[in-house]
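This report describes one protein chain for a reader who has the sequence and the model at hand. Please look at the structure before reading on.

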Amino acid sequence: EAAIQEPAAVALRNLSAHPKNKDRIVVDGGLPYIVSLLRSPDKTLQEHAAVVIRNVSVNDQNEVKIVEDGALPALVDLLRSPDTKLQELAAGAIRNLSVNANNKMIIVQEGGLPP
């Protein structure tokens, strides 16, 4: 399954870098797929998904939708990964999500800050 998912994840990663696509990925229903990749046991898929989330989370409307669609718990889990690259990507996405005042409390509630 990862062999099929990886090219799609790479395509979304590349598309998410372009400003016009940041909204389209979310509006066209891409978030549930991306969130599922954050939870994949495959680190490469997790990495691609975290980059997509980081890229699309720079948009105000997307910040809310990303949290509503359940990406935050998966990103917090990646903060605890032994893989430092995954930690860095998750931290970058969470940083972008924290710009939204409502998300700040949710980030704390989900364990995004160590005790």
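What is the mean pLDDT of the chain, and what share of its residues reach 70 or more? The model is a predicted one. The chain has a mean pLDDT of 93, and 99% of its residues reach 70 or more.

**Overall fold**

The chain contains eight helices and zero strands. Its radius of gyration is 13 Å, close to the 13 Å that the globule rule gives for 115 residues, so the chain is as compact as a globular protein of that length. The C-alpha trace spans about 40 × 30 × 20 Å along its principal axes. Of the contacts between residues at least 6 apart in sequence, 65% join residues at least 24 apart.

**Surface and interior**

Of the 115 residues, 44% count as buried. The chain exposes about 6200 Å², of which carbon and sulfur atoms supply 55%. Met 105, Val 108 and Leu 113 make a nonpolar surface patch of about 300 Å².

**Two residues**

| Residue | Helix | Relative accessible area |
|---|---|---|
| Asn 55 | helix 4 (residues 43-56) | 13% |
| Val 108 | helix 8 | 43% |

Asn 55 counts as buried because its relative accessible area is 13%, under the cut-off of 20%. Leaving aside residues up to four places away in sequence, Asn 55 touches Arg 13, Ser 16, Ala 17 and Lys 22. Val 108, with a relative accessible area of 43%, is partly exposed.

How values were computed. Residues are numbered from 1 along each chain as its sequence is written. This is a predicted model: local features need pLDDT of at least 70, side-chain atom pairs count only at pLDDT 80 or more; totals for chains, interfaces and linings use all residues. Side-chain values use heavy atoms; hydrogens and water are left out. Helices (H or I, at least four residues) and strands (E, at least two) are DSSP runs, numbered from the N terminus. Buried means under 20% relative accessible area, exposed over 50%, partly exposed in between (1.4 Å probe, protein chains only). Contact means heavy atoms within 4.5 Å. pLDDT is the predictor's confidence in each residue, from 0 to 100. Patches are made of residues with over 30% relative accessible area and no salt bridge: like charges are joined within 9 Å, nonpolar side chains (Val, Leu, Ile, Met, Phe, Trp, Tyr) within 5 Å. Accessible areas come from the Shrake-Rupley method with a 1.4 Å probe; for residues, only the protein chains shown count as cover. A salt bridge is a side-chain nitrogen of Lys or Arg within 4 Å of a carboxyl oxygen of Asp or Glu. The radius of gyration is taken over C-alpha atoms; the globule rule is 2.2 Å times the number of residues to the power 0.38.
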